[in-house]
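Please read this briefing beside the sequence and the 3D view.

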Amino acid sequence: MTQDPTLPPAPAAQEERNGLLTFRCGGQRYAVDIIAVREIRSWSEPTPLPHAPAYMRGIVNLRGSVLPVMDLAQRLGQPPTRDDPRNVIIVIQDGARVHGLLVDAVSDIVLPRADQMQEVPRVGGDDGTAMAERLFVVDDVMIQVLATGRILPEVRSALSERRA
Amino acid sequence: MNDPLDAIRDTFFEECAELIEALESGLLALQDGTRDADTVDSVFRAVHSIKGGAGAFGLTALVAFSHDFETTLHALREGRLDPSREVVAVLLRATDVLGDLVAAARTGADAAIPDTADLTALATDGRVRTDFDDLDAFEPIMLDIGQSRLGGPAATSAPGSAPLPAPQPPRRWHVGFEPLPDLLASGNEPLFLFRALEVLGRLNVTALEGDLPALVDLDVSTPRLRWSIVLGPSAPDLTETEIEAVFEFAVDLCVLEIVPLALEPERAGPVVRPGRGADRPAARPRPDAPSSAADLAMASGAATAPDGASRASATIRVDLARVDRLVNLVGELVISQSMLAQGLWRAGFDRQSEAVTTLDELQQLTRDMQDSVMAIRAQPVKSLFQRMTRIVREAAQVTLKDVRLVTEGEGTEIDKTVVERLADPLTHMIRNAIDHGLEPQDVRIAAGKSATGTIRLSARQQSDRVVIEVSDDGRGIDRARVLERAIACGLVPKGKVLDVAEVDRLLFLPGFSTSTTVTAISGRGVGMDVVQRAIRDLNGTISIASTEGRGSTISISLPLTLAILDGMIVRSNRHRMVIPLSAILETQTLSAARIETLGQGQRVVRLHDRFVPLVDLAVGMGFAAPAGDRAPEEDTALLFVQPDESGPFALQVDAIEAQRQVVIKGLGENFGHVPCVSAATILGDGQIALIVDPVGIARMSGLHPTPRLPQFMDIPSQ
């Protein structure tokens with residue numbers, strides 16, 4: 001669908017009012033909708049899961065429930081995040097699912113104007129870009145807004161594909 | 001919470017389930033020769049209550065059927081019908097149909113109106129219908145739903161019609177209904193009462209809006225309206241008791257007046273008092289007052305009356321989610337408490353110090369609390385066993401066998417979830433026992449057995465597990481035939497000699513069936529492997545014992561709860577994991593074990609008189625590179641485990657750290673199926689440990705028995 005670039009779609013403008021949590025991960029900058037963020041917790045060593053995809057770092061104890069943690073950098077096709085006590089886990093919620101994203105560090109909460117947002121340009125079939133839904137530029141740095149729904153369900157299918 | 005009406009509806013269906021249970025147990029008591037009026041009354045009341053509720057929710061099919069059912073039971077109550085075995089059999093089938101209709105109503109599915117000819121025949125002349133051939137007579141009524149009966153004379157009979165002739169012109173009734181202040185607070189709702197009343201006949205309802213206070217003074221939780229109702233009954237023999245029964249649960253909360261009317265009804269019964277507030281039109285409710293009263297009832301619904309608890313038995317209905325939350329919280333408490341204990345120990349507190357002794361007391365308390373909370377979820381298996389009576393009935397009818405079900409230990413309690421999830425496997429086992437286990441009557445008689453086969457369903461608690469057994473006195477397992485079939489199916493190499501236990505285990509292999517013919521109730525490709533999987537999902541084990549010619553017994557051993565597991569905490573390649581104690585046969589130290597290496601690095605270890613495969617736990621879980629490149633540690637031990645479906649094998653671990661109860665944390669929606677893992681738990685230090693699924697390890701390590709047999713290797717003769 002083609003749209004007049006000077007008139008951003010109304011739903012997007014609505015959505016941006018929520019604000020975005022930006023963070024660093026694998027040398028890049030990303031953002032997620034702050035509404036999807038349940039909490040940010042400090043790093044703790046996950047218990048690995050057997051026969052799981054490499055980006056699944058395992059599970060950690062989130063106040064008594066089991067929280068799966070994935071290495072976001074690895075999920076986006078970059079080298080694995082190095083273990084560092086300064087790493088953080090962003091706990092995001094997508095519907096009934098709660099998931100942890102291991103990232104380098106949380107940066108800021110921003111409220112970009114609708115006209116700052118840009119659709120992700122199509123660059124081949126790169127998986128990494130497919131998980132971002134929009135991007136914007138702050139202080140000359142590009143920040144990709146990730147679609148939580150696009151990151152998570154694939155975790156599940158990747159796991160279930162390995163069913164015996 | 002969505003629509004509050006939905007919640008009421010749910011409650012109704014829950015009650016229906018209980019009522020049908022009560023109905024069934026009442027009928028079974030009648031079948032066993034009980035003749036007292038209480039039993040008959042309880043049976044009648046159950047159907048009546050279902051009818052009333054169904055009317056309130058406009059479930060017409062259910063109302064029609066339960067009405068006919070009720071009419072028959074009414075005849076029973078009045079002594080016009082003798083509860084002979086045949087009569088009770090019809091009533092039991094009607095109960096099954098009623099259950100099906102309730103289920104259909106709950107899901108909103110369309111159920112065709114069932115054939116009630118059997119019932120009406122009973123009600124009108126007390127005869128069990130025998131005017132069609134035997135096979136048809138024994139066909140369960142449920143099969144009639146949605147399909148016309150072929151060939152039976154019942155096919156053309158008009159369904160659902162009230163069978164009784166009208167001996168006299170119908171009388172009309174005046175019902176005066178004046179709610180007392182507590183009526184709404186107790187969850188009663190005039191509108192629903194009237195709807196229930198409407199089931200009995202045509203209503204002419206007049207709201208008496210007499211002494212209403214001013215709107216500002218109106219308390220929404222206090223009923224102010226009174227009603228005068230003229231009821232033109234659809235059944236001519238409607239009694240005062242039946243009308244009263246509609247108000248059964250509101251009877252203490254209202255002033256009720258039921259007066260038979262002459263053919264010409266007089267308006268304004270004695271209940272009507274001159275209104276004082278007639279000059280305050282502002283306070284006058286709109287004509288649709290009952291529905292706005294419904295809203296009021298919703299508004300006050302949160303403060304449901306405490307006096308309801310004093311009625312009937314001392315039980316309360318609690319949302320399962322609340323109980324589960326409590327279970328979870330107590331689980332957390334146990335974990336935090338053991339974390340605290342570790343912290344104190346690390347901080348160097350003396351064992352005799354006050355802090356440590358107090359903590360010990362706390363530990364005892366939390367354990368007790370945990371047990372008590374678990375007990376809330378516990379349920380007697382009675383309801384489950386009662387459901388099986390229907391399965392037995394139906395299976396007996398289809399197989400044309402005479403079967404008696406004997407149940408034992410119905411009071412044995414087990415986790416609610418376990419009870420629910422046992423229904424399918426038990427159904428399957430019982431059908432199998434009747435279809436394959438019990439011989440046809442002539443064979444039984446020839447073998448000197450009684451013509452009636454017996455299925456015994458028993459439950460008992462054995463320490464912290466519950467054992468449920470299904471046994472039959474049939475022909476037992478024909479092991480030669482089982483082996484023959486297994487060889488024919490390619491499950492066993494030809495000429496292989498198996499011992500008795502190995503042959504019995506063949507029954508649990510997927511795709512195995514001894515039945516060469518597919519019958520209506522078993523042999524449809526769903527084998528005992530499905531039963532076994534269901535039991536294993538409940539952390540249970542299953543075993544089979546059989547004597548040829550004498551019968552078979554299948555035993556299921558289940559944990560009391562799904563929330564706690566007895567496990568052995570082990571370490572392998574720096575990972576701590578939990579092995580369910582129920583899977584462990586025995587442990588050996590590495591130095592005591594006799595390990596041999598076969599080709600391709602496959603190691604085997606001696607267990608008693610056999611060699612079984614040896615798998616390194618971390619390797620089996622995919623946490624470490626294969627082959628023995630990790631040097632054995634000082635504490636290295638071997639755990640011999642036996643998943644039900646395959647032979648035993650050994651898991652090598654670096655250390656056994658502890659043996660304790662762990663709180664099971666499901667992996668939940670986030671994961672789908674994770675191989676080799678059944679769940680997780682949180683250890684005392686807050687770290688998560690995986691609960692190992694030995695079957696998964698066997699499968700991932702290529703030890704799974706299908707398509708080949710358990711990898712037993714006979715010890716070479718020395």
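Helices (H or I, at least four residues) and strands (E, at least two) are DSSP runs, numbered from the N terminus. An axis is a line fitted to C-alpha atoms, for helices over the stretch in contact, and angles run from 0 to 180 degrees between N-to-C directions. With those terms, helix H10 (residues 320-346) of chain B and helix H11 (residues 354-377) of chain B pack at an angle of about 160 degrees, and their axes are 10 Å apart. The model is predicted: local features need pLDDT of at least 70, side-chain atom pairs count only at pLDDT 80 or more, and totals for chains, interfaces and linings use all residues. Residues are numbered from 1 along each chain as its sequence is written, while chains are lettered from A and ligands numbered from 1 in the order in which they are written.

**Chain totals**

- Chain A has four helices and eleven strands, whereas chain B has 19 helices and 23 strands.
- A residue is buried if 20 or more other C-beta atoms lie within 10 Å of its own, exposed if 12 or fewer, and partly exposed in between, with C-beta atoms placed from the backbone.
- Buried residues are 35% of the 164 residues in chain A and 37% of the 718 residues in chain B.
- Two residues are in contact if their C-beta atoms, placed from the backbone, lie within 7 Å.
- Among contacts between residues at least 6 apart in sequence, those joining residues at least 24 apart come to 52% in chain A and 72% in chain B.

- Two packed helices are described by the angle between their axes and the distance between the axes.
- Angles under 35 degrees count as roughly parallel, over 145 as roughly antiparallel, 65 to 115 as roughly perpendicular and the rest as oblique.
- The angle of about 160 degrees between H10(B) and H11(B) therefore makes the two roughly antiparallel.
- The contact includes Val323(B), Leu326(B) and Val327(B) of H10(B), and Ala355(B), Val356(B) and Leu359(B) of H11(B).
- By class, this contact of H10(B) with H11(B) has 17 nonpolar, four polar and one charged residues.
- For these classes, Ala, Val, Leu, Ile, Met, Phe, Trp, Tyr, Cys and Pro count as nonpolar, Asp, Glu, Lys and Arg as charged, and the others, Gly among them, as polar.
- The crossing of H10(B) and H11(B) is left-handed; a crossing is left-handed if the near helix is turned anticlockwise from the far one by less than a right angle, and right-handed if clockwise.
- Helix H2 (residues 37-56) and helix H3 (residues 60-77) of chain B also pack at an angle of about 160 degrees, with axes 9 Å apart, so H2(B) is roughly antiparallel to H3(B).
- The crossing of H2(B) and H3(B) is left-handed.
- Among the residues in contact are Val40(B), Asp41(B) and Phe44(B) of H2(B), and Leu62(B), Val63(B) and Glu70(B) of H3(B).
- The contact of H2(B) with H3(B) divides into eleven nonpolar, five polar and four charged residues.

**Sheets and strand pairs**

- Strands of a sheet pair through backbone hydrogen bonds, either parallel or antiparallel.
- Two strands pair if DSSP finds at least two bridges between them.
- In chain A, six strands form an open sheet in the order E8-E1-E2-E11-E10-E9, with mixed pairing.
- Its edge strands are E8 (105-110) and E9 (118-119) of chain A, each pairing on one side only.
- Strand E2 (residues 28-33) of chain A runs parallel to strand E11 (residues 141-146) of chain A, joined by three bridges, and Arg29(A) stands opposite Ile143(A) in E11(A).
- In chain B, five strands form an open sheet in the order E20-E12-E13-E22-E21, again with mixed pairing.
- The edge strands there are E20 (655-663) and E21 (677-682) of chain B, each pairing on one side only, and the twist averages 35 degrees from one strand to the next.
- Strand E12 (residues 564-572) of chain B is antiparallel to E20(B) over eight bridges, and Leu565(B) has Val662(B) as its bridge partner in E20(B).
- Strand E3 (residues 226-233) of chain B pairs in the antiparallel sense with strand E1 (residues 172-179) of chain B over five bridges; Ile229(B) in E3(B) is the bridge partner of Val175(B).

**A loop residue**

- Pro114(B) is found in the loop between helix H4 (85-107) and helix H5 (117-125) of chain B.
- Pro114(B) counts as buried because 25 other C-beta atoms lie within 10 Å.
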